[in-house]
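Please load the model in your viewer and follow the selections below in order. Each stop names what to pick and what is there.

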Amino acid sequence: MGMFASADSLITRYAKIFIVLENGDKVAIENLSKDLKTMLDNALYYPTDLNFRELAKALRNATYHGESNKRPIVIFDNQGKYLSGSGRAYFVADARSDQGVSALPETWLLEIEYWKANYDPRTRVFTTSLQRSFSFKGQKQ
Amino acid sequence: MMVGLKEGSSFSIKRFAAKLEQATLIDYVAATTLLLVLFFGFSDILTKFSVQIFLLLIVLKFATIQSAWLWGVLSVVHTIVLLDNWMVADNHKYLTVYWLYVVTIALIISGRFDSDRYLATVARFFIVFIFCVAAVQKSFSPTFISGEMFELNLLLDSRFTAFGHLFGVDQSSAEATKKIVSSLKSPFVEIEGNSILLPSTDWTRTLALSITWYDVIVQFVIGLLFVPSRRLTDFMGHCVLLFFILTTYLPAPVFGFGWLLCILGLCVAWRNFEHLRIAYLLSFVAVLAYQSPWRAWVLTW
């Protein structure tokens, strides 16, 4: 109920963050520590190149804790019913901003996908679309 | 007239009440504005430190509360922090910082010019500006006026869960919606066509639309009632503003904005509606009371 009201908010904006390893495997970053989450929220509020670059810089210097097994990607229909597996899978990791020894190689590609959703109250359909995709290369600083 | 206790005097409710009655508008505004930044200000260490130091100085020497210099410092500190956090600062934080400068100017001119009239004029402008601009913006926001914003808030925003529960929003559909949207956002889930049907209900839609239209209409009414500056329209405006404060900040936890509205209403009501002063003072108490964990209580019913 603020002064400038809109459905376009952090409810409908989100990001998917991946690390792409040298062999092409992807690591999906599932959880971020509080300050990384704040930086992500800043980037989602104002999705500029600069803000995503700042986030990428912080992620580059983060510590990661992940699983050794891949998690499969599944496909659902638009009623929410499971359809099938996609045949693809990602590793999964959490990121923390405290600098430490990272298990990841020093050189990696960081991908950040910025998504936006909208909802049609007449049809009750919630639709998401990829707005921008960012790729950052670099060594750990 | 300062409200305070002289060293060595014993506390007397009668004497305290008499001093409250003698307090001027600038006394109340300074006190409530300081409480605004103390209770609902920025969480930044710089603003917290400056407010706490100011409060300490007031405890040591009460007259400090009317120091224009200190209010000026407080205003500048809050401006710096606001600019540093401009991307994510809530709208009412901008208004709070403007108001700090208003209080500073009121204290500078106090004694030479009618600071009560200055505060009332600026507060009236703020009320008209805030409500009219908000109502116009909402009217032209397609995702607001369609009810989309409130329907998503009722289903997905945890701050509205208890409110929705009170008004009959099916909690199972809200929970299912949260799970579905969470899945959609997951990197491990792909949805055909990137679209999914949400299990909202006709009642949720009706409630969302009702809140939407109430919000736009009541904000237009408040803003427009304070434009003519006539006794009748002002009285009606105060009644609607008080109703807005008392009903809005129960579900919407933007307490700083509610507190600021109480200060603005108090300023406008001060000279012409003495009895409404009590209503605004009680509204401050209500805003504080709304911070109680009523949401948790409601959700266990």
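In which helix is Thr212(B) found? Select helix H11 of chain B, residues 202-225, and Thr212(B) is there; helices (H or I, at least four residues) and strands (E, at least two) are DSSP runs, numbered from the N terminus. This is a predicted model, in which local features need pLDDT of at least 70 and side-chain atom pairs count only at pLDDT 80 or more, while totals for chains, interfaces and linings use all residues. Residues are numbered from 1 along each chain as its sequence is written, chains are lettered from A and ligands numbered from 1 in the order in which they are written, and side-chain values use heavy atoms, with hydrogens and water left out.

Stay on Thr212(B). With 0% relative accessibility, Thr212(B) counts as buried (under 20% relative accessible area, with exposed over 50% and partly exposed in between; 1.4 Å probe, protein chains only). Show its side chain: a polar atom there lies 2.7 Å from the backbone oxygen of Ala208(B). Next, select Phe144(B), Ile145(B), Gly147(B) and Phe150(B), which are in contact with Thr212(B) when its neighbours within four places in sequence are left aside. Contact means heavy atoms within 4.5 Å.

Now select chain A. Chain A has two helices and seven strands, in the order β-β-α-α-β-β-β-β-β along the sequence. Of its 141 residues, 43% are buried.

Show both chains for the interface. Here 46 residues of chain A are in contact with 46 residues of chain B. The area buried between the two chains is about 4300 Å², and carbon and sulfur atoms give 64% of that; buried area is the accessible area (1.4 Å probe) that two parts lose on being put together, summed over both.

Pick Arg88(A) and Glu190(B). Their side chains meet in a salt bridge at 2.6 Å, N to O, where a salt bridge is a side-chain nitrogen of Lys or Arg within 4 Å of a carboxyl oxygen of Asp or Glu. The rule finds two salt bridges across this interface.

Which elements of chain A supply at least two residues each to the side that touches chain B? Select E1 (13-20), E2 (26-32), H1 (34-45), E4 (71-76), E5 (82-96), E6 (107-120) and E7 (125-139) of chain A. E4(A) gives the most, with six residues.

Phe76(A) has Ile191(B) as its bridge partner in E1(B).

How values were computed. Two strands pair if DSSP finds at least two bridges between them. A polar contact is a pair of N or O atoms within 3.5 Å; within protein, one must be able to donate a hydrogen and the other to accept it, and residues adjacent in sequence count only if both atoms are side-chain atoms.
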